[in-house]
Amino acid sequence: SVILSTGANNYSAKMWDLSVTVEDLGPDALPITVSVTSDLHVGGVILKLVEKTQIKRDWSDHAFWWEQKQCWLLRTAWTLEKYEIHADAKLLFMQQHKPLYVCLPSGVTLRLRACFSSSVFKAVMGICRMLNIRHPEELSLLRPIEHKKKKKDKGSAEEVYDLTEVPLSSDSKPCLYNGMPAHFADSPQMESVYKMLSGIQPPPSPETLAKLYRPASVVDKAHIHSRWLDSSRCLLQQGIQENDKVCLRFKYFAFYEIDPKYDAVRLTQLYEQARWAILLEDIDCTEEEMMLFGALQVGNEVCGHHVVIPLWQHHSCLYSLIGICLPQDNLTAPDLNDYLKIFRPKKLTLNKYKQFWFKFQDTSISYFKSKEESIGEPIQQINLKGCEVAPDVNVAAQKFLIRLLVPAPEGMNEIYLRCENEQQYAQWMAACRLGSKGKTLADNSYQSEIQSIRSFLAMQKSSSNSQGNAHANDESINAHSLVSPRYHKKYKTKQLTPRILDAYQNVAQLSFTDAILRYLQIWQALPDFGISYMVVRFKGSRKDEVLGIAPNRLIRIDLSVGDVVKTWRYNNMKQWNVNWDIRQVAIEFEGNINIAFSCVTTDCKVVHEFIGGYIFMSTRSREKSNTLNEELFHKLTGGHEAL
């Protein structure tokens, strides 16, 4: 360094040269030398540097990055002396917000501007605010998994949606227009991106599924969970550079206040994360559960070409799991009356189906001896509101039954209606479903219900055809896209399809949103739900074991046999801490129970953050739901580094 001021005893008055690289000048530009004093504050250095560049532009998003110390100089009022910066410091002057590739749970990749200078926790908040995802504390970023065997697929370039022009907002709640954030309503292109973010993606092809990485063991799962970024440090401190790729995922499986009306993107992405966990066998389930998961996905596969159905457009409407119909302009109720057969199962009798003239009105069915007598009083009127409606259909056998369980003082009355053909069945079944929900035929979802039922009948017909003809072109559903690869080997498509369709009959009446919620509900009920795995070495033990971290407990798992050895619940935890010198986590539980372990596959900070994160999630309350206590989160998850 060159001392420009001579003879002065006051150190602060001595001038010296500071070398700064300005990123905006390009990679080949030489560093700029700025003459400074040690008592000059960082803001003053920025002013001198900007004057020297002679470039007129908005520099407000720029800050210094100190390469040797791997830290940002964000306190502009601090002096160089306070930061302990000397002439040998290498400073980089660059933007704090830079482009980043973010892969969402749905597999969609976005290119957006993220904050590289604030903590990952804050950066995730900014990304979620842009995408209209509430409760960003449940999500975080992790490094992508390196695929061990990279197959070069011709023409498989990944499509990326560029959102780098979206202005960054500091508002906690985005301004909504037509159910979506204002920045997505600016153009048809941006609107289509939001529809894609809030719409279910088509099931992957079996070929795609086979190529994706599937954890083969609990150690593989531990490898994935070790890739979470540290929430209390910034992206740059963790080696994430401009235009690098990271994955946005739900990290903490404690979901707070899910409301389809406000959580279109959040709910969609949560569903996608659950679906991939099941398809890639990241979580175990029984064969029956797998068929039900497959059945709840059927709707997206049935359309010959995939149509993205944004959740935010129909959170309150009855969209069936399959079949989409535009709202009807004419809201007058269509007439529905025809000859049907009715049968009431009774003990010790062999009642046969009897034909009557049926009339559907409001939410009730009335039947008469004949069409001519329908002007008078009906033989009986059946109020459908609150009743259970179930299909009993076999297209191959031309069996079209509607089973009604009608509430009565003495219990439930069972009634079967028999239709003559597919068209009649679709109309009456749709009407009964609406009536059971207290809706009339004037409801604009009546036509979509009919379409849904027709699609289901077409699938069953196609399925029965393909069973009879091995070469039949089954264009309805690709069953191997709906279940995990282990079932691809176990069953052929023509064996799988009828099983999925059988399971589908039990959920066919669900609305689109309800089907997604049911999928998540079954996922959350699985025994292994929400467990993140880490390979650890317990104090006093000579072998590696697995620590499972769940939303409400810690689980000690024997690595050799996979059995649960011990479970400790958070509500019995008195305190936990990390000895950062020997990298060991120590936890004290009630009843003088103490455990300690070191981490094998990851840094103990990851474990510390998981435990603290779940404790934090349990502190959220409805009264404070709009304010996120970021300080408490870092206090619980950050260890001494955050303090």
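**Whole chain.** I'm working from a predicted model. I counted up the secondary structure and got 16 helices and 26 strands. Of the chain's 643 residues, 49% come out as buried. I also checked contacts with a separation of 6 or more, and 62% of them join residues 24 or more positions apart.

**Helix α1.** I looked up α1 next, which covers residues 42-53. Its 12 residues reach 17 Å from first C-alpha to last, close to the expected 16 Å. Which residues of α1 are buried? I found Val42, Gly43, Gly44, Val45, Ile46, Leu49 and Thr53. Then I asked what covers them: the list includes the strands β1 (15-22), β2 (32-37), β3 (62-66), β4 (71-73) and β5 (91-95), plus helix α2 (80-83).

**Helices α14 and α15.** I jumped to α14 (residues 604-619) and α15 (residues 630-637), which pack with their axes 7 Å apart. The angle is about 140°, so I put the pair down as oblique to each other. The crossing of α14 past α15 is right-handed. Who makes the contact? From α14 I listed Lys605, His608, Glu609, Gly612, Gly613, Ile615, Phe616, Met617 and Thr619. From α15 I have Leu632, Phe633, Leu636 and Thr637. Sorted by type, the residues of this contact are six nonpolar, five polar and two charged.

Conventions:
Residues numbered from 1 in each chain as written. Predicted model: local features only at pLDDT ≥ 70, side-chain atom pairs only at ≥ 80, totals over all residues. Heavy atoms only, no water. Axes fitted to C-alpha atoms, helices over the stretch in contact; angles between N-to-C directions. Helix = DSSP H or I, 4+ residues; strand = E, 2+ residues; numbered from the N terminus. Parallel < 35°, antiparallel > 145°, perpendicular 65-115°, else oblique. Left-handed = near helix turned anticlockwise from the far one by under 90°. Contact = heavy atoms within 4.5 Å. Nonpolar A, V, L, I, M, F, W, Y, C, P; charged D, E, K, R; others polar. Expected span 1.5 Å × (residues − 1). Buried < 20%, exposed > 50% of the residue type's maximum accessible area, 1.4 Å probe, protein only.
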